[in-house]
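User: I'm new to this one and would like a walk through it, starting with the ligand. Could you take me through it step by step?

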Amino acid sequence: MDSISYERAADLNGAVRSAQQPGSMYIGGGTNLLDLMKGGVSRPVRLIDITRIGGLDTVATLPDGGLRIGALVRNSDAANHALIRERYPLLSQAFLAGASPQLRNMATVGGNLMQRTRCPYFYDTAFAQCNKRLPGSGCAAIGGLNRTHAIFGASPQCIAVNPSDMNVALAALDAVVRVSGPNGERAVPIGEFHRLPGDRPEIDTTLQMAELITAVDLPPPLFSEHAHYLKVRDRASYAFALVSVAAALQMDGNTVKHARIALGGVAHKPWRASTAEQMLTGHPLSDANLREAASAAVSDARPQRDNAFKVELAQRAIVRAVHQAAGRGGDFA
Ligand SMILES: Cc1cc2nc3c(=O)[nH]c(=O)nc-3n(C[C@H](O)[C@H](O)[C@H](O)COP(=O)(O)OP(=O)(O)OC[C@H]3O[C@@H](n4cnc5c(N)ncnc54)[C@H](O)[C@@H]3O)c2cc1C
C-alpha cells in the first residue's frame, strides 16, 4: 500500500512552498486526480488541498472590461455566473457540455485546465505501453484502437487528445492563464499553456514545478452576440467529445468582422483553426465560403487507422457551429 500525506493549504505561499517537496500534487475538486490515483496512474506522495485558499473562488471584472475567473471557481458556478452567461456565452455553453451536474459542482477551473487525457491506454495500467504514463515504453494507441485519438499535431510517441470542453472555449476566447510559483507570478496565453506531445508526451502543459494556477483572464467580450459551442459525442450526455467546435463571430450585417474557431477532441491541445478564421474574416458569411474555410481547417489532418471519420466530422461541425453562432439555425451538416 502506498502512503500519502494530506495537507490543507491555508494560503497561496504556503501551498507553493509545500508543493516544492518531491512527489507533491495539488488537489482541487479531485474529480480527475482521485480517479487516476485509484487506477494507479498517478502516484503522488503528498496531496496539497488548495480548496481553502482564500480569494481564488471569485469572478471579477477587470479594468479593461475583461473578466478574471478564479482557479477555484467550480465549473457549475462559472457556467451559471451572470457575467459569464451574458458576456461569454461560448464559455458557459462549453462548461455545460462537460461531464455531469454532480461533477461540475466539484470540478474547479484550475483542475479542468489540468485534466489529463482519456486515452484508454493511458488510463489502464494493464497496458505496458504508454509513453505518457511510462515514458519510453511506447504507444499502444498507435496501431491499437485509435478511434478517439488525434488527427492534428500528434507525434510518433503519442496520439492522445486533450479531453476538456472548457479549454476549447478558452482557446477561442484568447484567455490568459495566471499562475503563481516559486519564482513569482506569470501570465501564460492559453495557446502556450498546453503543449503538443513531441518526444515528451508525459508533459501536458508548460506549467513549471510547484506553479499553481490562480485565475483565468478573459479579454473584453467581443463575441457575446454570436457564439456557439458544438460538441459531437457518442452519447447525448456524459461523454467526452469526438470533435467539438468553439465558434465565435463579430458580425457587421452579413460580413464577418472577426472569427474565432477552436477545435476539441482532435489534438493534444485545443486546436485553433487560424486559416479558416482568416478565410472568413472580412467576407460575407455564405455557405460556400464557410465550407471552403472548413475544408482548409483540416487540410493538414493526419488521421490514424480508425479515426479518419474525424476529418469529415470536424468540417461538418465547423460549418454547423459557425452557422449557429451567426444565428442561423437549420440543418447545415
Ligand atoms: C465521468 C467523468 C466524465 C467527465 N466528462 C467530461 C467532459 O465531458 N468534458 C470535460 O471537459 N471534462 C469532463 N470530465 C473531467 C472533469 O471536467 C475534470 O475531472 C475536472 O474539470 C477536473 O477538475 P478538479 O478540480 O476536480 O481537478 P483535480 O482532479 O483536483 O485535479 C486535476 C489536476 O489538476 C491539478 N490542479 C488542480 N487545480 C490546480 C491549480 N489551481 N493549479 C495547478 N494544478 C492544479 C491537480 O494537481 C491534478 O493534476 C469528466 C470527468 C469524469 C470523472
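User: How many residues surround the ligand?

Analyst: Keep in mind that this is a predicted model. The closest are Y26, G28, T31, T108 and D165. Count the whole shell and you get 33 residues.

User: How far is a polar side-chain atom of T108 from an oxygen atom of the ligand?

Analyst: A polar backbone atom of Y26 sits 2.5 Å from an oxygen atom of the ligand. The side chain of Q115 has an N or O atom 3.3 Å from a nitrogen atom of the ligand. For the side chain of T108 and a ligand oxygen, the distance is 2.7 Å.

User: How much of the ligand's exposed area does the protein bury?

Analyst: Start with the ligand taken alone, which exposes 970 Å². Of that area, the protein buries 93%.

User: Which element gives the most residues to the shell around the ligand?

Analyst: The elements giving two or more residues are β2 (24–27), α2 (33–38), α7 (109–114) and β8 (212–218). One of them gives the most, with 4 residues, and that's α7.

User: Which two domains does the ligand lie between?

Analyst: Look at which domains give residues to the shell around the ligand. Two of them both do, so the ligand lies between domain 1 (5–52) and domain 2 (227–325).

User: Now the rings: is the pair of F122 and Y123 stacked or edge-to-face?

Analyst: It's one of 3 aromatic pairs. The ring centres of F122 and Y123 are 5.8 Å apart, with the planes at 80°. Planes over 60 degrees apart meet the cut-off, so F122 and Y123 are edge-to-face.

User: How many residues apart are F152 and W271?

Analyst: These two form a stacked aromatic pair, 5.0 Å centre to centre with 5° between the planes. F152 is in the loop between α8 (120–123) and α9 (166–172), while W271 is in strand β12 (residues 271–272). The pair links distant parts of the chain, and the separation is 119 residues.

User: Is W271 buried or exposed?

Analyst: F152 counts as buried at 1% relative accessibility. W271 has a relative accessible area of 19%, and the cut-off is under 20%, so W271 is buried.

Methods. Residues numbered from 1 in each chain as written. Predicted model: local features only at pLDDT ≥ 70, side-chain atom pairs only at ≥ 80, totals over all residues. Heavy atoms only, no water. Near = heavy atom within 4 Å. Polar contact = N/O pair within 3.5 Å; in protein donor to acceptor, adjacent residues only side chain to side chain. Areas by Shrake-Rupley, 256 points an atom, 1.4 Å probe, with all protein chains shown as cover. Domains from an automatic or database assignment. Phe/Tyr/Trp six-rings, centres within 6.5 Å; stacked < 30°, edge-to-face > 60°. Buried < 20%, exposed > 50% of the residue type's maximum accessible area, 1.4 Å probe, protein only.
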